[in-house]
Amino acid sequence: MIKHNIWNPAAECMPREQIRAIQLKRLQSVVRRVYDNVPLYRGRMDEKGVKPEDIRTLEDLKYLPFTQKTDLRDEYPTGLFAAPRKEIVRIHGSSGTTGKPILAGYTRNDLENWSEMMARTLGAAGATEDDTIQIAYGYGLFTGGLGAHQGATRVGATVVPISSGNTARQIMLMKDLGTTMLCCTPSYATHIGETIQEMGIPLSDLKLRAGCFGAEPWTEAMRQRIEELLGIKAMDIYGLTEICGPGVAYECMMQHGMHINEDHVIAEIIDPITEEPLPYGEKGELVFTTISKEGMPMLRYRTHDLCQLNAEPCECGRTFVRMNRIMGRTDDMLIIRGVNVFPSQIETVLVSIDGLAPHYMIEVDRKGTTDSVEIQVEVNEGVFTDTVGQLEGMKKQISERIKSVVGISANIKLVAPKSIPRSEGKAKRVIDKRKL
Ligand code: AMP
Ligand code: ZN
């Protein structure tokens, strides 16, 4: 029998009508708050001719303006804050790749709510006060470390705030303290698992039972790999700085979609081109409106993450709608010779082939007018010593599978174990030289 570990049944299993009633009340209040306090929202709403009192039902959400990452950049550092500075008790940020970070401000209530969201998340993975939780997300401006930390503290677990990096020390503490749960990016979890294997430490020396992994895209194949390497249940968790951080949505023991904390956010799926809302079940861009945030509420924030929502009741008893695994981002979709390609599709193929390690780099270039793709992928130790003929056969098998599943021809390069740099945070797996 699966135990469903519901941290806050009164919230997580609320009847749908009650969720909708809370959402409407909170939406109306957040719209009023941003209209009164944030010039950008007031300006956009005035442009559209929408006043706070026009939001009478949840369906009226569609009349509100969207926000984007560029708005956060333009309003840097604090232009979108909706509370007086003395009420802001924390700032977090996301570095992005270039330029200034985007920042988010939290009031005391925001931190309370975020801790609650993260406690539900860890609780769903089985966390209780009997657990020792090792937090190997980075601590600092990044929301991962402190976000997971607050949730684990709320659950009452013993928290090991080790942050990311120094893998040998991670493993030593894991062993000596009998760590039962791990929180980090899925790529770092893989690296930790492989290092444990190399060090010859049997899993029976560890007490690890579950892990909450997120902050970057990963696949079902990657999940299986982590579950095997670490002997745990690997749960997918989702979040983003603009909305609060980790804990926006979390998997339950069914491992079939992530429940969205709908008493704190409203999720929509839109067509990324027409910007029209799509019904449940259709694939599109995920959009969030925060309904409890005071420091920096977001109206209809376009995440650029692609996924589907599922409103079917879940066996675990939670009534929050589920979002499925993120399928890619509208902005990391590669268009290669006219074919839309998501790195996650390539990952799924690679991880399904025996003898390959889940470490790869996709390099796209343009020779003349033709796009070329090279995929470097690591082989396992045993395979590396195979004959040239065997390696050629493997390359052929990979490129044929990529051709049939993803629809593109790629040049495959098998590389030595450990030659692709490991990541302790978010992994970088695509180099697109065409943009240079
Ligand atoms: P950041 O604000 O730096 O934490 O980045 C947030 C972004 O990380 C999201 O918009 C997603 O693109 C990605 N992300 C976070 N969690 C997941 C997850 N579980 N699966 C896939 N992508 C994720
Ligand atoms: Zn569930």
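Reader: Let's start with Tyr238: which residues does it touch, not counting those up to four places away in sequence?

Author: Tyr238 touches Gly245, Pro246, Gly247, Val248, Ala249, Met258, Leu286, Phe288, Thr303, Asp305, Met323 and Ile326. A contact means heavy atoms within 4.5 Å. Bear in mind that this is a predicted model, where local features need pLDDT of at least 70 and side-chain atom pairs count only at pLDDT 80 or more, while totals for chains, interfaces and linings use all residues. As for bookkeeping, residues are numbered from 1 along each chain as its sequence is written, chains are lettered from A and ligands numbered from 1 in the order in which they are written, and side-chain values use heavy atoms, leaving out hydrogens and water.

Reader: What makes something a nonpolar core, and which residues have the most contacts inside the largest one?

Author: The label goes to a set of buried Ala, Val, Leu, Ile, Met, Phe, Trp, Tyr and Cys residues joined through side-chain atoms within 4.5 Å. The largest such set has 50 residues, and Tyr238 is among those with the most contacts inside it, along with Leu27, Leu64, Ile260, Leu286, Phe288 and Met323. Helix H2 (residues 16-37) gives this core its largest share, 5 residues. Another core, of 25 residues, lies apart from it and includes Ile362, Val364, Val377 and Val406.

Reader: How do you know whether Cys252 is buried or exposed?

Author: Buried means under 20% relative accessible area, exposed means over 50%, and partly exposed is in between (1.4 Å probe, protein chains only). Cys252 has 0%, so it counts as buried. Cys314 comes in at 10%, so it is buried as well.

Reader: Why do strands E10 and E11 count as a pair?

Author: Strands pair if DSSP finds at least two bridges between them. E10 and strand E11 (residues 284-290) have 6, in the antiparallel sense, with Glu268 standing opposite Val287 in E11. Strands themselves (E, at least two residues) are DSSP runs, as are helices (H or I, at least four), numbered from the N terminus. The open sheet of 4 strands has the order E10-E11-E12-E15, paired antiparallel. E10 (265-270) and E15 (328-329) stand at its edges with a single partner strand each, so one side of each has no neighbour in the sheet.

Reader: What makes E10 count as largely enclosed?

Author: 6 of its 6 residues are buried, so the rest of the structure largely encloses E10. In a regular strand the side chains alternate between the two faces of the sheet. In E10, Val265, Ala267 and Ile269 are buried on one side, and Ile266, Glu268 and Ile270 on the other.

Reader: How do you know what kind of aromatic pair Tyr137 and Phe142 form?

Author: Rings of Phe, Tyr and Trp (its six-membered ring) pair if their centres lie within 6.5 Å; planes under 30 degrees apart count as stacked, over 60 as edge-to-face and the rest as tilted. Tyr137 and Phe142 are 6.5 Å centre to centre with 65° between the planes, an edge-to-face pair. Phe213 and Trp218 have centres 6.1 Å apart and planes at 90°, so that pair is edge-to-face too. Tyr137 is buried at 3%, whereas Phe142 is partly exposed at 28%.
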